[in-house]
Amino acid sequence: MRVVVIAYLSLLLVIPVSLIFWRTFSNGVAPVWHALQDPAMTSAFRVTAIVTGISVVIDTVFGVGISLLLVRYRFPGRAFLDAVLDLPLAISPVVVGLALILVYGRYGWFGGWLESHGFQVIFALPGMVLATVFTSLPLVAREVMPVLEEIGIEQEQAARTLGAGSGQTFRRITLPAIRWALAYGVVLSMARCLGEYGAVSVVSGRLVNKTQTLPLVVDQSFQNYDVTTAYTASFVLAAIAIASLVVISILRPKERA
Amino acid sequence: MGIDVHHITKRFGDFVALDDVSLSIPTGQLTALLGPSGGGKSTLLRIIAGLEEPDSGTVTIEGVDATALAPQHRNVGFVFQHYAAFKHLSVYRNVAFGLEIRKRPKDEIRARVTELLELVHLDQFADRYPAQLSGGQRQRMALARALAVEPSVMLLDEPFGALDAQVRRELRDWLRRLHDEVHVTTVFVTHDQEEALEVSDEIVVINNGAVEQTGTPSELYDKPVNEFVMRFLGPVTHLGGHLVRPHDIDISLSTDPGSHPSTISRIQRVGFEVRVVAVTERDEDVAIQLTRGQADRLDLAVGRQLWLRASNDASVLDTGAAPVAAAAARP
């Protein structure tokens with residue numbers, strides 16, 4: 001059984017990811033270093049960082065908010081909301097991108113109105129953030145909700161009777177209790193945002209040096225037989241994701257003891 | 001008056017948890033809300049604390065109408081059955097929590113927390129985390145935490161319900177002594193009649209969302225107003241169509257006017273106590289509780305003829321539920 005699982009994970013996960021690392025450095029460090037200096041690459045770094053940064057903040061605030069709402073309150077439509085929350089994971093990101101264009105595109109629902117007021121959504125950063133947030137929406141909430149459920153409401157009620165208002169109760173009691181689930185959710189959500197391809201590729205317009213993110217660079221340079229750039233960008237994406245997971249798993253058990 | 005509850009009604013869906021309950025709890029006393037689970041006593045306590053909102057009625061704490069106040073403005077200390085310890089904070093920080101929220105000076109907090117930890121015998125454990133404490137220690141910590149903010153009333157919801165029998169007994173005695181020292185108006189919820197009789201100054205019996213009777217432990221035990229209270233507070237048996245306590249039955253070996261002739265069907269010795277079951281002519285099984293001395297003097301044996309009657313000072317209730325010898329409930 002163990003052998004089967006290990007073999008399966010190796011073929012599916014470990015070997016392909018390792019190969020990326022291997023291929024990236026197959027000609028030494030110099031070409032990689034050179035590829036990283038490329039203006040298209042540095043621009044992609046910047047765009048990816050901005051989009052991911054904003055999206056993760058929105059995901060975190062929304063995730064904690066909706067978790068509290070769904071776990072701590074009972075209201076009509078709660079079960080429906082709970083189900084809808086998973087929709088972004090079920091819908092193909094390309095469809096998400098198209099849907100956003102239908103609403104925010106120049107000829108979309110109110111994209112035209114926004115554009116006439118000088119605010120471009122599609123083929124610009126706002127649209128890319130929207131697409132990224134959409135596809136990573138439930139990740140924080142799905143990590144936080146079970147923990148909120150498990151810690152129950154009594155610690156919060158105890159804090160209230162001791163004089164803490166709702167803000168103080170959240171900061172001093174709820175937040176520390178969910179911090180590891182939250183951290184894990186943020187990392188997952190960050191990894192998802194960094195790697196988002198489908199939805200972003202539709203709404204970004206892939207304008208080189210303007211709206212290209214790292215995953216788009218990977219795809220485009222691969223199509224153009226520029227394998228060094230493709231592997232380098234891939235390596236960076238994979239390395240960031242793995243590094244954040246490693247950091248989290250090192251920190252977590254220490255806290256629990 | 002400490003706490004005044006006026007015409008409180010609370011429903012959960014179709015279930016009526018409290019039905020027009022009014023109650024006065026005197027300042028400085030230790031009052032037990034006693035009743036079976038699901039009877040509404042915890043709901044009443046939570047309404048007093050502001051953790052639950054009544055559908056109608058008012059709550060007054062120390063003369064202040066608290067009905068619309070959020071829990072953090074009621075100045076109550078609340079102790080939960082499952083401790084509600086702040087798991088990420090040390091014992092010291094748990095107890096200091098309310099004072100930190102009130103932004104008291106560091107020195108004052110240190111002095112007060114140290115004093116309280118001594119009071120609850122946890123001064124050795126100040127730097128530990130709740131997970132490193134036993135259940136009894138966690139509950140003492142929770143008590144210290146609630147006392148730290150000098151609440152005008154302390155509310156304890158089945159405080160010893162999650163502890164094993166031995167610790168329960170210790171904490172019960174300890175709570176009584178603590179209350180004699182601190183004198184804060186205290187209300188605790190319990191379904192254990194022994195706990196209520198042993199610890200409290202006053203008992204409120206609550207059943208089916210309504211108050212059955214209020215009084216001191218001896219008033220309730222000796223003069224229950226109805227069958228429910230009588231049965232809930234201690235053992236009962238039937239004699240001549242009346243309810244009576246098994247230790248309130250006089251035994252005579254010869255006929256006696258007004259007594260019920262019966263035959264012993266079973267004798268059981270439990271330590272210092274002897275339990276006898278006798279069958280009357282009306283075919284009632286009467287349980288009688290005797291001391292070993294009494295039983296030896298009477299020379300009891302299965303099959304022997306006895307004449308039974310309720311003792312003169314016994315509390316006796318008609319099984320028709322109307323009180324016979326019982327006095328009315330206190331107003």
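This is a predicted model: local features need pLDDT of at least 70, side-chain atom pairs count only at pLDDT 80 or more; totals for chains, interfaces and linings use all residues.
Student: How do strands of a sheet pair?

Tutor: Strands of a sheet are joined by backbone hydrogen bonds, in a parallel or an antiparallel manner. In chain B, 6 strands form an open sheet with mixed pairing, in the order S6-S7-S8-S3-S9-S10.

Student: Which strands of chain B stand at the edges?

Tutor: Strand S6 (76-79) and strand S10 (210-215) of chain B do; each has a single partner strand, so one side of each lacks a neighbour in the sheet. From one strand to the next, the twist averages 15°.

Student: How many bridges join strand S9 of chain B to S10(B)?

Tutor: There are 5 bridges between S9 (residues 202-207) and S10(B), and these strands run antiparallel. For B:Val204, the bridge partner in S10(B) is B:Thr214.

Student: Is B:Tyr83 buried or exposed?

Tutor: B:Tyr83 lies in the loop between S6 and helix H2 (91-101) of chain B. Because 26 other C-beta atoms lie within 10 Å, B:Tyr83 is buried; the cut-off for that class is 20 or more.

Student: Where does B:Asp299 lie?

Tutor: B:Asp299 is in the loop between helix H9 (292-298) and strand S17 (305-310) of chain B. B:Asp299 has 8 C-beta neighbours inside 10 Å and therefore counts as exposed.

Note on methods. Residues are numbered from 1 along each chain as its sequence is written. Chains are lettered from A and ligands numbered from 1 in the order in which they are written. Two strands pair if DSSP finds at least two bridges between them. Helices (H or I, at least four residues) and strands (E, at least two) are DSSP runs, numbered from the N terminus. Axes are lines fitted to C-alpha atoms, for helices over the stretch in contact, and angles run from 0 to 180 degrees between N-to-C directions. A residue is buried if 20 or more other C-beta atoms lie within 10 Å of its own, exposed if 12 or fewer, and partly exposed in between; C-beta atoms are placed from the backbone.
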